[in-house]
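Visitor: Hi! Could you walk me through this one?
Guide: Happy to, here it comes.

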Amino acid sequence: MSSIITVSGLRKAYDTGFVALDGVDLDIAKGEIFALLGPNGAGKTTLISIICGLVRASAGEVRIDGHEINRAYRAARAAIGLVPQDISLEIFATVWDTVRFSRGLFGLKPDNGFIETLLRDLTLWDKRHARILELSGGMKRRVMIAKALAHEPKLLFLDEPTAGVDVNLRRDMWTLVRSLRQRGVTIILTTHYIQEAEEMADRVGVIADGKLLLVEQTAALMHRFGKRRLRLELARPLAEIPASVSRWNLELAEDGRCLVYHFDANTTENGVQDLLRALGELGLDFTDLETGRSSLEDIFLNLVEQKA
């Protein structure tokens, strides 16, 4: 599949000497949902701002749908819809006029039918004549999304789109994202809700200290770095782990009431049966047994900690 975004050797350094991005290379395919994960200050917003032409890079190149962002800014920017973290709207304008005006900024002819469909998709139709100042925070976030989509972009950037919004908007947001992807729109999102990235994204990029640590298919990432966890709730608490089972690298939790064993999720030789047999020989009874798998959040935190 061809790339709609190509980032090559991207670097951003400030006069203070702080390096926000350092040698970032990234290709994003047409029609995919790509999640960019990283701790605060990792460079996520800087990267998005440079790709969208809002910040100039110190070095490197960005191409949007074949257009270099600096040499062909108008063509590149026309392909992009951006929903930033901060809400910025003209508070005395109506919802309808706000979205209609945003479409006109990109030189497109008015299309009332398209705007109506967009507002209905975002549950804004009943608020179309309301002024922005009359809306709740969640409704204002919906208007920001409608503005970003008003000129029918090929790319949609969502920078922490569901931060601080209600459950209904979050559900509507991801329904809309899926429908946009079905129409061929490429979605790039940053999020602190890592479970959302795990459920929604085709690929995940992890960034820390201005460097991309990895870019990988979400399923492949879960397979490669995933761990399974066996949790045993003991009938009687332990003061310490018996020496005879120390080779399993067990963790004693909940004031000695639980034993936790982490093992490779991708091998059948995981030692679980031998462990349970050894615990039985020691006379350690347990009242409950639970297994689980690493989440994307576990993997993300582990990668960032290794980088630190």
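**Helices, a sheet and a loop**

Guide: Helices H3 and H5 cross in a right-handed way (the near helix is turned clockwise from the far one by less than a right angle; helices are DSSP runs of H or I with at least four residues, strands are E runs of at least two, numbered from the N terminus). This is a predicted model, where local features need pLDDT of at least 70 and side-chain atom pairs 80 or more, while totals for chains, interfaces and linings use all residues. Residues are numbered from 1 along each chain as its sequence is written, and side-chain values use heavy atoms, without hydrogens and water.

Visitor: Which residues make the contact of H3 with H5?
Guide: From H3, Val95, Thr98, Val99 and Ser102; from H5, Val143, Ala146 and Lys147. Contact means heavy atoms within 4.5 Å.

Visitor: New topic: what is the order of the strands in the open sheet?
Guide: The four strands run E2-E1-E4-E5, with antiparallel pairing; strands pair if DSSP finds at least two bridges between them. E2 (19–29) and E5 (67–68) are the edge strands, each pairing on one side only.

Visitor: How many bridges join E1 to E2?
Guide: Eight, with E1 covering residues 3–13. Thr6 stands opposite Asp27 in E2.

Visitor: And Ala79, buried or exposed?
Guide: Ala79 counts as buried because its relative accessibility is 7% (buried is under 20% relative accessible area, exposed over 50%, partly exposed in between, with a 1.4 Å probe and protein chains only). Ala79 sits in the loop between helix H2 (73–78) and strand E6 (80–83).

Visitor: What is Ala79 in contact with, leaving aside neighbours within four places in sequence?
Guide: Ile64, Pro153, Lys154 and Leu155. Lys154 is 75 residues from Ala79 in sequence, yet 5.1 Å away in space, C-alpha to C-alpha.
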